[in-house]
Amino acid sequence: SITGACRAIQKLTRVRVVDNSALGNTPYHRPPKCIHVYNKTGVGKVGDRILLAIKGEKKKALIVGHKMPGPTMTPRFDSNNVVLIEDNGNPIGTRIKTPIPYILRQKGEFSKVLAIARNFV
Amino acid sequence: FSCSGYRINSDGKPEKFQPPPKPVIVDKQKQREERRFLSPEFIPPRGRTDPLKFYIERKDMIQRRKVFNIPEFYVGSVLAVTTADPYANEKTNRFVGICIQRGGKGLGATFVLRNVIEDQGVEVCYELYNPRIQAIEVLKLEKRLDDNLMYLRDALPEYSTFDMNMKPVSRLDHEEIPVNKLQVRMKPKPWSKRWERPKYNVKGIKFELPEKKMKEAQKWSQPWLEFDMLREYDTSKIEEKIWKEVSEELKK
């Protein structure tokens with residue numbers, strides 16, 4: 001049996017890749033896991049960058065939603081969602097179908113990710 | 001056609017004109033006044049705090065309600081909330097969802113709305129008295145069998161999906177609030193909480209578990225809890241007083 005989904009994102013949490021990139025959507029016998037959080041605390045919230053291990057490769061990713069309840073008026077998702085990203089901040093996929101919280105606009109470095117998002121919450 | 005004046009009675013004399021019976025007017029105003037709704041966050045929690053604190057809080061709540069209309073709703077009704085968001089286009093953010101929980105007392109009262117958008121379940125916890133909220137619309141007013149619909153997280157997603165552009169369902173003013181006796185089907189176990197246990201007292205789930213599991217769950221029942229006198233908190237008299245106070249203030 002497996003442990004339940006982790007609430008916020010830290011090392012070794014399984015995440016769900018939400019964009020339509022080939023790396024995120026091809027099936028593999030191991031789910032994508034977080035191996036490092038680029039944060040002073042090891043806990044990743046919405047808008048934090050993390051290092052993901054997918055299909056035997058290391059890739060950076062951006063957290064777009066987690067199961068942990070955040071500040072009031074912010075949405076809480078039923079799964080830990082993540083968007084694959086390059087080192088300079090460019091997203092790898094071309095479309096994001098799942099809803100993205102508006103809070104991401106606060107940090108100005110993710111404008112390219114927000115440009116490919118379809119729904120906002 | 002026949003006229004009553006021309007009709008001949010059994011006596012042989014013409015019948016006197018009988019006016020038609022007066023229509024019975026049922027005064028719906030009185031029926032409406034019998035139903036009172038006091039929002040649950042007005043009722044103070046049981047404790048040793050000074051009632052003055054709750055009185056001042058109620059004054060502030062009434063002040064806010066005079067400026068902004070907070071409609072009557074229950075757990076299980078579908079609401080649409082528009083909030084002011086500095087990071088959204090047009091600075092407003094509209095969210096439609098079913099209310100799964102109402103918590104908190106006083107000015108910190110919250111309600112959680114749940115919806116499934118593009119196969120992703122989203123829940124937002126809103127504060128009733130937050131000035132960022134611009135409008136609360138009740139799209140469908142109804143009650144459910146439970147006070148807490150947290151089990152919808154483990155139910156099939158079709159029970160939590162509501163269209164974002166849903167039209168409000170019209171209902172007459174004096175009708176009683178309908179109770180939706182829907183029994184929800186669940187995803188396969190494991191669930192986030194063991195909803196079959198009597199502690200949660202959930203009536204709105206159609207359990208498809210074997211009889212053995214249901215009997216095993218009853219092992220955790222605590223039948224002495226309902227007879228525990230120290231846990232009793234009778235709110236009827238407090239509600240009466242607060243209802244009178246609140247309705248008087250709001251009419252001014």
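This is a predicted model: local features need pLDDT of at least 70, side-chain atom pairs count only at pLDDT 80 or more; totals for chains, interfaces and linings use all residues.

Let me begin with a definition: a salt bridge is a side-chain nitrogen of Lys or Arg within 4 Å of a carboxyl oxygen of Asp or Glu. The side chains of A:Arg76 and B:Glu123 form such a salt bridge, at 3.4 Å from N to O. Across the interface of chain A and chain B, the rule finds 3 salt bridges.

Residues are numbered from 1 along each chain as its sequence is written, chains are lettered from A and ligands numbered from 1 in the order in which they are written, and side-chain values use heavy atoms, with hydrogens and water left out.

On confidence, the predictor gives the complex an ipTM of 0.89 and a pTM of 0.85. Chain B averages a pLDDT of 88, and 91% of its residues score at least 70; pLDDT is the predictor's confidence in each residue, from 0 to 100.

We return to the interface. Here 19 residues of chain A are in contact with 22 residues of chain B, contact meaning heavy atoms within 4.5 Å. The two chains bury about 1,800 Å² between them, 53% of it on carbon and sulfur atoms. Buried area is the accessible area (1.4 Å probe) that two parts lose on being put together, summed over both. A:Met73, A:Arg76 and A:Tyr102 supply 39% of the area that chain A buries against chain B, more than any other three residues.

Is A:Met73 buried or exposed? A:Met73 counts as buried because its relative accessibility is 10%, where buried means under 20% relative accessible area, exposed over 50%, and partly exposed in between (1.4 Å probe, protein chains only). Its phi is near 75 degrees, a positive value in a residue other than glycine.

B:Glu90 also has a positive phi, of about 60 degrees, although it is not a glycine. B:Glu90 counts as exposed, at 72% relative accessibility.

Finally, a cis peptide bond joins B:Lys189 and B:Pro190, with omega about 10 degrees. As background, most residues other than glycine have a negative phi, and most peptide bonds are trans.
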